[in-house]
Amino acid sequence: MNWIHLSAPLDDEALGPLRAGDAVLFAGVLYVARDRAHERMRRMLENGEALPFDPRGQVVYFMGPSPAPPGRVIGSAGPTTAGRMDPFAGMMCRAGVRGFIGKGKRSVEARAAMREHGAVYFSSFGGAGAYLSRRVVSSEVLAFEELGPEAVYRLEVAEFPAIVINDIYGGDLYEDALSKRR
Amino acid sequence: MAPKRAVSVELIGRSVDRLVDRASFEMPAGVEELYASMRDGERSDTARHALGVLVENAAIARADRLPLCQDCGVAIVFCDIGQDVSLEGGSLRDAVDGGVRGAYERLHLRKSVVGDPLVRNNTGTNTPCFLHAEIVPGDRVGITVYLKGGGSENMSFLKMFRPTASVEEIIDHIASCVIEAGPNPCPPLFLGVGIGGTADVALVNAKRAVLRGVGSRHADPVYADLERRILERLNDTGVGPLGFGGASTAAAVYIREAPTHIATLPVALNLNCHSLRYAGEVL
């Protein structure tokens, strides 16, 4: 595998060279949010409130970890289905988010919103929660602690792997897979 | 009348706890070897790497006692209760839920059950579980705990075919469902297919089908051959491991058939992700 190293938050130029199918390793900070956290952030933005983190240039990881066993920073920590967050893609891109990590297909509308704002969608290895746990260096709950696994977390990661699914030029690895037929 | 064999529900609760433990950290024998051999059949680096990650994930889950997947699933519990058994010591439902609740807390598993589908507050215990209790001949109690995540459950399908539909139409339908689901259910899949029965029976059979045993063959050669044809077809779709493209879209296909009405031919699909998690025992 040929790995491209990315640091998060992302520089303006970081996403231009990426193409669907590329393999990347993230180092830096990822912000974790899934269904209910997105719903709450939508309300915050509608009310003109600041999000729990400065979204500009950030990478959002769709994930809900299992509880950290004693002595570990986090439990299993693999991606959840990104499609459920499709209705929030435009809002998050407008706020400045430039990368999303999840698994599974995005809607036409979500892909269009990401492309319009120059944001990239990555899939990490779905279901490899134990494997990905080892790539998380630190974890803290940033907001909505009462939501448990659906809270917003700030993660520091090292060599956190993902594959580019939707690049900023309209490339789509999932569509390529079907058209190539093995 | 033969005396009933007494089985305490507390014993069943402890069994459920033990089975959740077994299923959460280790897949059934043969799965890792299957992924390693599928890896050899892939050409692209990404597909090969993805399958390698799944094998490594299984090793880390076992070594570090981390759940195979952060979605530790809902607990689907099949209880086959012998009709010569007398269940004693309280409610079976409470005992089974107690086993699930205790295991999820003790083992640091994620609790993913909301008490009401519209209000959506997490119960914080991963209960109630989904209990299928059936009365069977004999004086034993068979218990199987099957853990299934939400991402793959969302990719469930039920189609009521015309009774005159051909097997080819059914295979086409299954292939198009798996293509539509694409990467979402985390392939390679263990596909359970419920054919026949009523709509609800077909769906439960699709669930039970994947518990038949890794590497097992259907007892009826006609269905064994159909399973083989479906598997070949799925692995020709191009979806590949995690949807990244390749030949490893499904690891196995398991059919469970049932008698049905002259007017009906239900076909239900249970797309289980690559993280196959179940364990069973007989008391």
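**A cis proline pair in chain B**

Pro188(B) sits in the loop that links helix 6 (167-181) to strand 7 (189-196) of chain B. Helices (H or I, at least four residues) and strands (E, at least two) are DSSP runs, numbered from the N terminus. The bond joining Pro187(B) to Pro188(B) is cis, with omega near 10 degrees.

The model is a predicted one, in which local features need pLDDT of at least 70 and side-chain atom pairs count only at pLDDT 80 or more, whereas totals for chains, interfaces and linings use all residues. Residues are numbered from 1 along each chain as its sequence is written, and chains are lettered from A and ligands numbered from 1 in the order in which they are written.

**Positive phi values in chain B**

Most residues other than glycine have a negative phi, and most peptide bonds are trans. Arg65(B), a residue other than glycine, has a positive phi near 55 degrees. Arg65(B) lies in the loop between helix 3 and strand 2 (74-82) of chain B and is partly exposed, with 15 other C-beta atoms within 10 Å. A residue is buried if 20 or more other C-beta atoms lie within 10 Å of its own, exposed if 12 or fewer, and partly exposed in between, with C-beta atoms placed from the backbone.

Arg120(B) likewise has a positive phi, near 65 degrees. The loop between helix 4 and strand 4 of chain B holds Arg120(B), which counts as exposed because it has 11 C-beta neighbours inside 10 Å.

**Overall form of chain B**

Chain B contains 8 helices and 10 strands. Its C-alpha trace spans about 55 × 50 × 40 Å along the principal axes. The radius of gyration of chain B is 19 Å, which agrees with the value near 19 Å for a compact globule of 283 residues. This radius is taken over C-alpha atoms, and the globule rule is 2.2 Å times the number of residues to the power 0.38.

Of the 283 residues in chain B, 47% are buried. Two residues are in contact if their C-beta atoms, placed from the backbone, lie within 7 Å. Among contacts in chain B between residues at least 6 apart in sequence, 82% join residues at least 24 apart.

**Surroundings of Val74(B)**

Val74(B), in strand 2 of chain B, is buried, with 21 other C-beta atoms within 10 Å. Apart from neighbours within four places in sequence, Val74(B) is in contact with Ser112(B), Val113(B), Cys129(B), Phe130(B) and Lys148(B). Val74(B) and Ser112(B) are 38 residues apart in sequence, and their C-alpha atoms are 6.8 Å apart in space.

**Helix packing in chain B**

Helix 1 (residues 9-25) and helix 4 (residues 92-106) of chain B pack at an angle of about 35 degrees, and their axes are 8 Å apart. Axes are lines fitted to C-alpha atoms, for helices over the stretch in contact, and angles run from 0 to 180 degrees between N-to-C directions. By class, this contact has 10 nonpolar, 4 polar and 4 charged residues. Ala, Val, Leu, Ile, Met, Phe, Trp, Tyr, Cys and Pro count as nonpolar, Asp, Glu, Lys and Arg as charged, and the others, Gly among them, as polar.

**Contact between the chains**

Chain B contributes 41 residues to the contact and chain A contributes 40 residues. On the side of chain B that touches chain A, helix 3 (residues 45-64) of chain B gives the most, with 11 residues. That side of chain B divides into 19 nonpolar, 16 polar and 6 charged residues.

**Helix 3 of chain A**

Within helix 3 (residues 108-116) of chain A, the residues Ala110(A), Ala113(A) and Met114(A) are buried. They lie on the same side of helix 3 of chain A because they cover an arc of only 95 degrees around the axis, the arc being that of the directions from the helix axis to the C-beta atoms. These buried residues pack against helix 2 (89-95), strand 5 (120-123) and strand 7 (152-166) of chain A.

The face turned away from the buried side of helix 3 of chain A carries the exposed residues Val108(A), Glu109(A) and Glu116(A).
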